[in-house]
Structures are given as structure tokens and as C-alpha cells.
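Dear colleague,

Please find below the structure that I promised to pass on to you.

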Amino acid sequence: MDRISRLPDELLLLIISLLSMKDAVRTSTLSTRWRHLYASVSNLDLRFSVDHVGFMDFVDRLFFLRKRCIIENFHLCCSRSLPLDPSRIEGWICAVMWHGIRELDLTVDTIAKLNLPTSLFTCKTLEVLKLHVDYDCPIEIPANVYLPSLKVLHLTNTACILDGDSGERLFPNCPILEDLVIITYVRYLIGYDLRVCSSTLKRLTIVTNAFREPRDPFQVFINAPNLVYFKYCGWEGDTCAFVNVQSLLVEADIDFPKYSGNNHYLQIATDLMRGISKVQTLCISAMTLIHLKENLVPIPLLKNLKILRVFHCEMQGLEGLPYLIGRCDSLETLVLEMDSDRAMFDLFKWVPETWHALEELRVNCLFTCLKKIEIFTFKGNEEHMKMVEYFLKTASVLENLEIHIWAKYEERLEITNELLMLPRVSKDCRVTVV
Amino acid sequence: MSKGVLAVVKPKMKSYIWLQTTDGSIQQVEEEVAMFCPVICREFLQKGMGSSKNYPILLPERVNPAMLGLILDYCRFHQVPGRSNKERKTYDERFIRMDTQRLCELTSAAYSLKFKPLVDLTCRALARIIEGKTSEEIRDTFHLADDLTEEEKLEPLRNITDDPRIRRLNRLYAKKRKELKERDKPKDNWVEEEHVDERSVDDLLSFINGGGKDTKGVRTMKNKKKNRRRKEQAKDSTSSNSDELNAACVASNEGNIDHILVPTPSETSKLHDSFDSLFDESDSDDGLDPAMKEQLDREVEDFARILNSNWPERKREILSLGNERRLVPISGNVNGSINRLPSLNKTL
């Protein structure tokens, strides 16, 4: 009668791998046939919740029971409030390496320094490595690194020692690396010098110190001829040198979030603008635009730029935007995002004077090619209305204006009506309110 | 062998492939339909089988005529190139609506034919049936016999301080933690540590040998817990040395060590007296017979080896550091007291 248990192990493991971890472990209570199967499943998704002693024992037992077979995906995640014993975690990683692994995702917080075993850095089958380790325990790239299958490397919130030496140890030994993400909120940085040299790298994200006190300058040197996507969030005083990057770069994301009042962003902003001059899509924060304007950063002609997205508009306003738009000849889509999280603290102020200079320049994209404008978290207040009014009056070839309202249900109808009544200069323009 | 021919007369335009299931019955199937299944395709193209009634392609055991019918229906639908993804999805959803027993049979048949799309589809369907249900419900749905004891059912989920393997492993972890602390401490007291090392090696070895004699007799759970806490708090009592453990395992296997020290019974009890507060050698509490104990110890030892598998690198590290200070190998005798113990050749 029991047909399912007669299926071979491989099939049962396939079925268990499609279940959530909780359901998978539950199958061990079904019958003797199923008792230890769950341990050999190919994805191990271990997110622990409450009882960390029990959890650590559970994971030990899992590795005891597991038959030696490659782990496709090992995801270990523990919360900040209940840290785990680092020697246990090291043991698990050794066990994982012994089985063989393709994707490793470690989000841990520990009570003491975590020493990642060196076998992790010499794993032949590892394709995706994501480390999110408590930043009090810096990770050192060891002397012998060889990760021939590694395509994706994310180091988030990890104090990874990133000096020139470790770059030299890391990049030549990851021959097919395509996606690199470095996000650090390190407390003490000492003259970091990051050298990224990879001929296969397609996506690069560097986010450092978004809102901490000023730190020593970060020197970034990028030599990645196949780079398609680049994101940088950093500080004044950084320098970013590009070599060979421009030709394939399609999308960039730039953010200088902190307003220190000193306005020393000139160097880094110039470097970056020059480096990304050929992009087609640009995401930039409103604060960055202000820095560009205040420092009179020379912006090259961004002739390929089709999509411009400005986020975090709610804190400042769009004073810097005309400065950038003036350099975009073929812009077709403009997206403005106020942050919905901070929609309460809306300091947005529409300053029409900054746009006058642009109007003198009749040959700019606002009049020639801007076809779509999308606005997120539109609150319907006076300042926001003024902004929409302005765009409708000036964008001569606008075809589509999409507005996502963020307001109470009762007010939506009123705001919608008001929006639809606004005069528009473009005959084909369609206004959609969502 | 009786041969039931289930051929249907079809117009001469189409070409057919002949398939035989294990019960002996032979079917005739349109070529393009049957070729959608890779195994049939290969048999036909590479081995030339199935082109006539006399040489049908022999299908694997699990594929009975009913299942073959279903599989061919699936092939018949999907081999048509023009269909949209949405159409295919809708068909699939309807296709797998059948009782669970049949679904299992179909999975088995698809698997033996190595027909991946159908295997994935059926397994996903089975997973969807299983997810979210309690064990009781799953057992009902699939008619599973409930042959586990209540205790066995709780195994992976409860706090397993009772599992002897986990307990021994925890001891290894405690040692390793101390070792990590020692590593970060300044190295001037290296010589002192060596002396302490020796004693813990003996203890570790007796651990590997399946436990020495426990002179204190049966302990209660409470005492065990107290001891563990005391052990955790005891500071420089023993330095870590899961390295030593591994060195013992690895080195002895490589035959590098001349002799491994094994304490005599009298020595054992002396050592145990001093170490009882630190290590629960309370094997008799496990309620396991010696054979089981030995097997568990072997398992733990294997597992510990895996967990510490970066030992070769650390060995190299330590040996390179050893240029600066004298590193005494484990087989060496540091202090006179050890000489008193007999040395035996021991193979693990």
C-alpha cells in the first residue's frame, strides 16, 4: 500500500529538497525509511530561532547522519541577539567542505572571533560565497586562495581586510568571478586601498560607511574591462580610479549620503563621473546631486544615458537635478523616488529657480526626448504638486506620467483629481495614478 | 511468454516505434511522441531497436502499460512545439491530478525512464502534498506504517544532551575553544603548556580507546550538568588540544609516532580522579554495551577528524613557527613522570 516509501532514495531526497527545512525535518518522524533521509538533502537551510544550544546540537546531528554527498546550498543564519559558539561554526564549515558545496551563505554573529577554516578558501566546487559576519571579527584572506568555480562573492558587514595585498591574493585566484559585493560598516579603517582586478567581473558593488563618522580615505582602483554594473556608496576624500572600465558599463549607482558641510566631494565625484560616462542607466541619490552641484563637478556628456533614477529625494529636494540633466542628451525615462520609510519626515521643497537655467537651454532632454516620468511615494502635498506641475508644463514630448500615491485612502481620490486637472504641454501625455 | 499485441491500425503516413513493457505487451506509438522521451530516443537512434514488432524497445521494470499510457499522453501534448508556456503549465496542473498512489507509481516510472521533466513535475506535486501537513496526516495520505517509537520521533527535535555522540563532541568543542584562547595568548608560556599538554593527551587517548574505568560509579543528570559547568569555568586546567587528538589519529595512521602513551589501570584511576571534575567519563551512564560504545567512539572520532580537517595546514603553520621555539613532538617525553608510564605500540 505504501508506494511512496518504495521510491528510491534519490527520488525521496529530491522530494524532500523541495520542502521547507521544517517540513523536511518533520519527515524524519514518518517511518524508519524516512528517519535519517532529511540529513542527506541537498539544500540545508538552517536558520535558527530560539534555542541555540538545541540548534547547535541539531546541526551536529545533521552532519553525523548525512551521507557524504555534495551540498548544493548551505544557508546558515542566526540572529544578532543570540550569538553562536564560533568553534561549532568552524566545525560545521569544515564538515560542509568535506561534503562539497556549491553555494554557501553565512550570516552569523558570534561570541568570540570566528576563524574561517582555510579549506573554505580552497574549495574547488564553491560557486557562490556570501559572508555576513559580525564586524568585530575581521576576516583575513589567507595566503593560499584558490576558488576556481567562484562566480559570486558577497562580503556584507564583514570586516574583511582589504588592503592591496589581499586583493592580489584574491582576484587572480578567482578566475571566473562575476559578481562582487563589498559592504562594510567598519568602525576603524586604516588607509584602505582596494584593488579590484578581474577580467571576468561583471557586477561590482562597494558600499562603505554610509553614515558613520568620517574615516580615512578609501582608495579604490578598478580594472575590470567586462564590468556591466557598478555601485558605489562612499565618502568625500575617497578616490576611485578606473582603468578599462568604460566600454561595457551599462548601469551605475552612485551615492554620497553624508552631508558633512565640508563639500569635499570633488575628487571622487569627478573620478566617478568620468568613469561612468557611457552608462545607459544611472541611479543616484538626491544628496549626491547636491554634492555635484555644490562642488561644480565637471560632468561629461552622458550621451548614452536613457534612464535616470533619483532616490532619497525626500530629505533635500531636487536642486541638483537640473545640473545633471543638462548633460543628458538622450534621457528617456526619469524616475523620482521619495523613500516611503521616511515619508513622515518629508523635507522636500520644490525650488523652481534651479530649473530656470535649464530652460534657457532649449536643447535639453526635457524638451526633446524625455518620454516617461515615474514618481514614487507621492504625498500629494503642495511641494509635490508644484513639482508635477512643472514637469507637465515643460516636458514637451512626455508620453507617460506615472504617479504612485502614498496617502490615506480618503485623500487619494482628491489628489488624483487634482493631478488629472493639471495643464500639460504635451498632447500625447497620459497621466496614470496608482 | 504471451505476447498481447495492442497495435492500432493507423494510416501508412506516420512511422511508429514499438515498445514492450515488462508484462510482455507490445505497443505501437507514433514516432514523434515516443522520441520526446530521451531513453526511447536513444534506443531507437543508436541501437536501432523498436522499428518493428519483432524488435521492440524493452522498457524498464517500473513502467507498466497504464503508466506508459500516462507518460505517452504527456509526451503527446508537450512534443508539439507551438504551445505557449501558459498552456503547458495548465496541462501539467491537470495532468498530475490523481490519487497519491498513482502519482508515486508515475514518479517511479518516469524515474526509471530517466525522463527528467516528468520526474520534476511529479516530485514537485508530491512535495506540495507533503508540505504543511503534520506527520499524522502525511502517514494517512500515503498509508505509511508508523514504525517508530515515540522517542525516536523526537530525536532530531529535542535538546539532545542525552545523545552520547553529541556529548563527546561537546567535549571536543570545549577543548578547541580553549585552544583558540591559548592561540591568542602570548606564547611565552609555551613550555609550561607543553607539560599540561601531555596530561590531556593521555586523557584524550583514553577517550579514544573507548573510555577508561570510571571509578566514581553512576552519576545523576544533575551532577553531570554541574560538572559540565565546572568544566566550562575551569581556566587553565587543560589546554585545548583537539590538535593533539588529531595528531594522534592522523599520525598513528601514518605511522609517524614511535609510541603512544597508554596509562596503566592504576595510573588511569589516578588520572581519572584528577580529571573527573573536568570530564564526564561516565560511560556507564549511557546504558550502552561496550560494542555500541566502541562504535560511537569510532563515529565521533571520524566526525572529529572531519571537523578538524584543516589540521594539515595548521600542522605546517605550527611547524614553521617551531623554528623560533622548540616544539616537542607528541611522542617525546617532556617531564620525568611520563617516563614511568609504559609505552606500547598502539594501532588505532
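In chain B, a cluster is built through ring pairs that link F36(B), Y74(B), F77(B), Y91(B), F95(B) and F115(B). Please keep in mind that this is a predicted model, and that the values below are computed from it. Over all chains, the count of aromatic pairs comes to 16.

In chain A, one of these pairs joins W350(A) and Y390(A), whose rings are tilted, with 5.5 Å from centre to centre and an angle of 50° between the planes. Because W350(A) belongs to the loop between β15 (333-337) and α9 (353-360) of chain A, while Y390(A) belongs to helix α11 (residues 382-394) of chain A, the pair ties together parts that lie 40 residues apart in sequence. W350(A) and Y390(A) are both buried.

A further pair in chain A is formed by W355(A) and F391(A), and here the arrangement is edge-to-face, at 5.5 Å centre to centre and with 85° between the planes. This pair, too, links distant parts of the chain, since W355(A) sits in helix α9 of chain A and F391(A) in helix α11 of chain A, 36 residues apart. Both partners, W355(A) and F391(A), are buried.

Finally, there are contacts between arginines and rings in chain A. R195(A) has its charged end over the ring of F221(A), 4.7 Å from the ring's centre, and R203(A) lies over the face of Y229(A), at 4.2 Å from the ring centre.

Notes: Residues numbered from 1 in each chain as written. Chains lettered and ligands numbered in written order. Predicted model: local features only at pLDDT ≥ 70, side-chain atom pairs only at ≥ 80, totals over all residues. Heavy atoms only, no water. Phe/Tyr/Trp six-rings, centres within 6.5 Å; stacked < 30°, edge-to-face > 60°. Helix = DSSP H or I, 4+ residues; strand = E, 2+ residues; numbered from the N terminus. Buried < 20%, exposed > 50% of the residue type's maximum accessible area, 1.4 Å probe, protein only. Lys NZ or Arg CZ within 6 Å of the ring centre and 35° of its normal.
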